[in-house]
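Have a look at the chain first, and then we'll pick out some of its details.

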Amino acid sequence: MKTLLLSTALTVFASPVLAQNTTVGNEHRPNEHTVACLEAPTRDCAFTAALQTVIGEEFGIERAKVLIGVARSMIDTGQVDQAKQTLMLALDEARSVRLTLVTQEKITEIAPLLARAGDVAAGLALVEELQNESVKDTTLTEIAEEAIKSGQLADARVALSQVTNRSKAFWRELSLLSRAPRSALAAVDLKELEAGVRALARVDQRYRGLVQLAVVADRKGDAAERNGYLSEADEMFSGVVGIGTRADVTAQRVRSMYDAGMDPAFVRTSYDLAILHGDRLREDAAKADFATKIGAVEAGIGYLGSALDRLATFKEVDAKASYLASLRTTSGQSDLAGQFRGVLSEVGQIQGAYERDIVRLSLLEGALGNADIGLATNIVSAMEDDDNQALALALMAPLLD
């Protein structure tokens, strides 16, 4: 992606009007650039086709959407400086619509990506423009997550310190620390975190907090602390009341251990505990919530069949797509891809081409996460809207040569 091409795109961008793209007319059907690239997709043509689509797009909100996707893939392919420039172009396009709601919505996407690109300060500066407190808190936690992934613990804590909901900030910090690079955890004071956990009023919350402390201790390489926290949590479990609550905290336990990359023995033991309590659930909503937490674990530890069986828990097509997109596996990919194709065929039941594309984009995230180029290509080819296909093609670029 040439800077000149981006500059040209900015020059020819026009009409600051909000798109009403609930159906796809002839002018919004996939264009010759994306269609030609899909015949023999390469990384260069994916980026170029996406930007050519931006150049031809009439609406600023759609231009911003595609540019954000291009920037995300630029970060993933090491083009960090160009990604930052592209994110600024996307922000300009969002502002050109002259609707606060549009600008705010795009900031929630752009700010965390700036953090992913290494500019946490720029992301935090953008967050200051957000007016909804809950949205602002969510965006700050996403910035913190991006910072922690790169080992920038101080930056992550700066972001979390600005979260208005202090309970949400506390739990988010515990969760992020359990996935932080080991090198970033040397300065983490477990006793300080422990004080916060012990101050929690409910038994189920303290149980959950002790498990998270154990996971962080494991990441720090402190086996004695890990075992101590887990033993205390196990002793406390009898005080956790309710079938639903027990299923929830045990599912969170195994998911935290799995996400942190703990020893498989700990994960398997916690998985068995979660299944024991999850199998007692009877309400559909509780089963779906349990599946959302446990399915990714099952797919990752070799129980893909069990994870796929849980797909029946979800009734709506968008919920099925979101669940499938969360699964990652290194074996049985053909079985997983088969389920993706099945849900992709169900997408036609949804009213509105744009709404159908949103579900396809959700499925695409799963295909990308499993590095399945063939499946990703099929999903991108099914897109009905030109901008959505351009966005999807850009997102696929890191998988291409």
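A word on the ground rules. This is a predicted model, where local features need pLDDT of at least 70, side-chain atom pairs count only at pLDDT 80 or more, and totals for chains, interfaces and linings use all residues. Residues are numbered from 1 along each chain as its sequence is written, and side-chain values use heavy atoms, with hydrogens and water left out.

**Helices side by side**

Helices here are DSSP runs (H or I, at least four residues), numbered from the N terminus.

| Pair | Angle | Axis distance |
|---|---|---|
| α12 (203-220) and α13 (223-236) | about 160° | 8 Å |
| α12 and α14 | roughly 10° | within 10 Å |
| α14 and α15 (264-278) | about 160° | 8 Å |

How do α12 and α13 run relative to each other? Angles over 145 degrees count as roughly antiparallel and those under 35 as roughly parallel, and α12 and α13 are therefore roughly antiparallel. Their crossing is left-handed, meaning that the near helix is turned anticlockwise from the far one by less than a right angle. On the α12 side, the contact (heavy atoms within 4.5 Å) includes Val203, Tyr207, Leu210 and Ala214, and on the α13 side Tyr229, Leu230 and Ala233 are among the residues involved. Sorted by class, this contact has 11 nonpolar residues, no polar ones and six charged ones. For that sorting, Ala, Val, Leu, Ile, Met, Phe, Trp, Tyr, Cys and Pro count as nonpolar, Asp, Glu, Lys and Arg as charged, and the others, Gly among them, as polar.

Now bring in α14, which spans residues 243-259. α12 and α14 are therefore roughly parallel to each other. Tyr207 turns up in this contact too, along with Asp204, Arg208, Val211, Gln212 and Val215 of α12, and they meet α14 residues including Thr245, Val249 and Met257. The class count for α12 with α14 is five nonpolar, five polar and three charged.

α14 also has α15 as a partner, and these two are therefore roughly antiparallel. α14 passes α15 in a left-handed crossing. Among the residues in touch are Ile243, Ala247, Val254 and Tyr258 of α14, with Phe266, Tyr271 and Leu273 of α15. That contact holds 11 nonpolar, four polar and two charged residues.

**Rings that pair up**

A pair of aromatic rings is described by the distance of the centres and the angle of the planes. Rings of Phe, Tyr and Trp (its six-membered ring) pair if their centres lie within 6.5 Å; planes under 30 degrees apart are stacked, those over 60 are edge-to-face, and the rest are tilted. By this rule you get four aromatic pairs.

One of them joins phenylalanine 170 and tryptophan 171: the centres sit 5.6 Å apart with the planes at 70°, so the pair is edge-to-face. Both residues are buried, a label for under 20% relative accessible area, while exposed means over 50% and partly exposed is in between (1.4 Å probe, protein chains only).

Another pair is tyrosine 207 with phenylalanine 237, whose ring centres are 5.3 Å apart and whose planes stand at 50°, so this one is tilted. Tyrosine 207 sits in α12 and phenylalanine 237 in the loop between α13 and α14, so to speak a link between distant parts of the chain, 30 residues apart. Tyrosine 207 is buried, at 0% relative accessible area, and phenylalanine 237 is buried as well, at 11%.

**A few single residues**

You'll find alanine 371 in the loop between α20 (353-369) and α21 (373-381).

Last stop: arginine 328, in the loop between α18 (317-325) and α19 (333-346). With 33% relative accessibility, arginine 328 counts as partly exposed. Setting aside neighbours within four places in sequence, arginine 328 is in contact with Ala299, Gly300, Glu365, Gly366, Gly369 and Asn370.

Methods. Axes fitted to C-alpha atoms, helices over the stretch in contact; angles between N-to-C directions. Parallel < 35°, antiparallel > 145°, perpendicular 65-115°, else oblique.
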